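Trainee: Could you show me how to read burial, contacts and helix length in a model that is new to me?

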Amino acid sequence: MNKEQFTAEVLGAEKSLYHIAWSILGNDEDCADAMQGAILKAFEKLHTLRREEFFRTWLTRILMNECYSMLRSKKTEVPYEDYMEEPDRETGTSDYGVLEAVRQLEEQYRVVVVLHYVEGFSVREIGRMLNLSTGAVKTRLYRGRNLMKARLTGEYGYEK
């Protein structure tokens, strides 16, 4: 893979990388730092990539390791205001409830839910990234969905 291909692949994955970093860090500034560090590490270690078709999975794993490294070095709480979006003033709507439900999931469920439903990674790809069996990924998705459903059902009064 040459520099131009690397750049194109990174630009194509930028939004996905942000979502993944946010699901772990929950802070825009930290997400940007983690993304920058992961891209730099990936570029430096590009020669270790065995198969180009797995570039996105490989880069995602590097980003996740960078995020976890930042968390270990920081050990701070993110203020509530830093990760919540304001409602859309024109329409009066927001994804506040869903965002809050995702944010309140335990990390093991939150990361898998974001990777699968937001970023579109397959169960097999997530398993490779997180070193989990496909069964474990499916279990975490199932439990994450149920936890979110219970939260949203109770909060908004929807019937089951």
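This is a predicted model: local features need pLDDT of at least 70, side-chain atom pairs count only at pLDDT 80 or more; totals for chains, interfaces and linings use all residues.

Mentor: Residues are numbered from 1 along each chain as its sequence is written, and side-chain values use heavy atoms, with hydrogens and water left out.

Trainee: Is Ser16 buried or exposed?

Mentor: Buried means under 20% relative accessible area, exposed over 50%, and partly exposed in between, with a 1.4 Å probe and protein chains only. Ser16, which lies in helix α1 (residues 3–25), has 5% relative accessibility and therefore counts as buried.

Trainee: Which side chains does the side chain of Ser16 join in polar contacts?

Mentor: A polar contact is a pair of N or O atoms within 3.5 Å; within protein, one must be able to donate a hydrogen and the other to accept it, and residues adjacent in sequence count only if both atoms are side-chain atoms. The side chain of Ser16 has such a contact with that of Arg56 at 3.0 Å, and another with that of Glu119 at 2.7 Å.

Trainee: Why does Ser23 count as buried?

Mentor: Ser23, also placed in helix α1, counts as buried because its relative accessibility is 1%.

Trainee: How far apart are the end C-alpha atoms of helix α2?

Mentor: The expected span of a helix is 1.5 Å times one less than its number of residues. For the 17 residues of helix α2 (residues 28–44) this gives 24 Å, and the end C-alpha atoms are 24 Å apart, which agrees.

Technical notes. Helices (H or I, at least four residues) and strands (E, at least two) are DSSP runs, numbered from the N terminus.
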